[in-house]
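I opened my notebook for a first look around a new model.

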Amino acid sequence: MRAVIVAAAVAFIISLFGTPVAIRVFTALKAGQPIRSLGPATHQGKKGTPTMGGVAFIVATVLAYVAGHVALTTLPKQQIAQVAPSMTALVLLGLFVFCGAVGFLDDFLKVRRRHSGGLSAKGKLLGQLLVGAGFGIAALYVPSTNGQTVASEHISFIRDISFLDVGKVGSVLIFVFVIMSMSNGVNLTDGLDGLATGATILVLGAYTLIGFWQYRHWCGDTTYVKGAAYCYEVRDPLEIAMIAAAAAGACVGFLWWNTSPARIFMGDTGALGLGGLVGGLAMATRTTLLSIIIGGLFVIITMSVVIQIISFKTTGKRVFRMSPLQHHFELAGWSEVNIVVRFWIVAGICVAIGLGLFYSDFLAVMG
C-alpha cells in the first residue's frame, strides 16, 4: 500500500507544480488550441489556450512510478521480487506514452497549421492500431517466469470466462479493439474544461482499488494462496495499482489548472494517452467487459456519436443538436460547469456500479 500512496502523491505534486511550467512553455511556443468553426459559438473564446497539456501528467506518472518502486525497497526481498519492474509496467506505461505520442503528433499538426484539422482520421486510427498491436503482442507473447502473461487468451468480465478462449491471435485483436475504443472514447469525452480529466480520475481510481484488491488476493502470492478459497489469476497486480494511482494523482494535479476556465487543455496528447492506459488496465486486470460499465460515460458519449452518424446517413436527420453528447446539452442551454459536474456524477455512478459488481463476485465465491 505504501508504494501505491507514494506513487499517487508524487504524481500529484509533480503535475500540480509542473503543469504551470507546461503552460508557460506552450504559451511561449504559441501552441494555442485552434477551435473548430462548426463547434458551439461559446468555444471561440477558448481560442489560443495552450494545448498538449497531457505531456505534464504523462511525465508525472512515469516519474511517480519510479518513485513508487523506490518505496518498495523497504519491503522484504521476497515481496520485492514479486513486484519488480515488469512487462506489465512496460505495457501499461508504453500504451500511455505511445498513444499519447499519436495524440501529440495530431496536436502538433493542428498548432503548426493553425487549424483544427491535425492528423487525418485514418492516420490517427492507424497510429492507435500500431501501438495497440505492438503492446498487445507483448502482453500475450511475453510470459513471466511462472508462465503468466499481462493479458489473457480468454474474454473476461470480472475475471476470465473459462469457456470463452479466443487464443493468442484473437486476444491480440481484442486488445487492439479495446485500446482503440477507449482512447477514442476519452478523446470524444474531451472538449469541455475538466470533463475528460475528472471522469478519467474516477475510472483510474476504480482500477487502483481493483489492482490493489487483486494484489491482496493474488494467486501469485504463495502466503495467501495456502487455504484461500479465491484468488485472482493476474500478473503483477501491485504494478497495476501503482500505475493507476500515479495516473489518477497526476490527473488531479492537472485538473487544478484544467478546470473551468481552463488555463491549459490536455489535447489529443492526454486524451489518447489516458484512453490507451485505461484500455490496458482493463486487459491487465482481466475486466475487459466490466470496463464497459466502469468507463460508462465514455461509452455513452461514443454511442451518441455513432447514433448521430447512423441517423444522419440513413434518414438525413440528427438525433442530437450536436455530437458528442456534451455539445447537445450546450446547445440546449446548459452551462459548461453544469454539464461537466453532471457528467462527472454519471461517471461516478458507472464506476460505483462496476466496483459493486466486482466486489459482489468476490462475496459470492467467498460466501
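I count a contact when heavy atoms lie within 4.5 Å. Before using it, I noted that this is a predicted model, where local features need pLDDT of at least 70, side-chain atom pairs count only at pLDDT 80 or more, and totals for chains, interfaces and linings use all residues. Residues are numbered from 1 along each chain as its sequence is written, and side-chain values use heavy atoms, with hydrogens and water left out.

**Entry: Q128**

I looked up Q128 and found it in helix α5, residues 121–141; helices here are DSSP runs (H or I, at least four residues) and strands are E runs of at least two, numbered from the N terminus. Which residues does Q128 touch, not counting residues up to four places away in sequence? I listed V102, M180, S183, N184 and L272.

I then followed the pair Q128 and N184. They are 56 residues apart in sequence, and their C-alpha atoms are 9.2 Å apart in space. Their side chains make a polar contact at 3.2 Å. For that term I use a pair of N or O atoms within 3.5 Å; within protein, one must be able to donate a hydrogen and the other to accept it, and residues adjacent in sequence count only if both atoms are side-chain atoms.

Is Q128 buried or exposed? I noted 1% relative accessibility, so Q128 counts as buried. The scale is: buried under 20% relative accessible area, exposed over 50%, partly exposed in between, with a 1.4 Å probe and protein chains only.

**Entry: T189**

Next I went to T189, which sits in helix α6. T189 is buried, with a relative accessible area of 0%. I saw its side chain reach the backbone oxygen of G185 at 2.8 Å. Leaving out residues up to four places away in sequence, T189 touches L195, A196, L297, F298, I301 and Q326.

**Entry: the cysteines**

How many disulfides does a search of the whole structure find? I got one, taking a disulfide as a pair of cysteine sulfur atoms within 2.5 Å. The disulfide joins C219 to C231, with S to S at 1.9 Å. The torsion about their S-S bond is about 90 degrees, so I wrote it down as right-handed.

Where do the two ends lie? C219 is in the loop between α7 (195–216) and α8 (222–225), and C231 is in the loop between α8 and α9 (237–258), so the pair ties together parts that are 12 residues apart in sequence. C231 counts as partly exposed, at 27% relative accessibility.

I also checked C99, which is in no disulfide; the nearest cysteine sulfur, that of C251, is 14 Å away. C99 is buried, with a relative accessible area of 2%. C251 is in no disulfide either, and I noted it as buried with a relative accessible area of 0%.

**Entry: the cavity**

Last, I looked for cavities and found one of 30 Å³ or more. On a 1 Å grid over the protein atoms alone, a cavity is a set of points where a 1.4 Å probe fits but cannot get out, and lining residues have an atom within 4 Å of a point. The largest cavity has a volume of about 70 Å³, a volume being the space filled by probe spheres set on the points, which are joined across faces, edges and corners.

I read off its lining as S152, H154, I155, S156, V166, S171, I174, M283, R286 and T288. The elements giving two or more residues to this lining are β1 (154–156) and α6 (167–189), and β1 gives the most, with three residues.

Notes. 1 Å grid on protein atoms, 1.4 Å probe; cavity = no way out; pocket = protein on both sides within 12 Å on 5 of 7 lines; lining within 4 Å.
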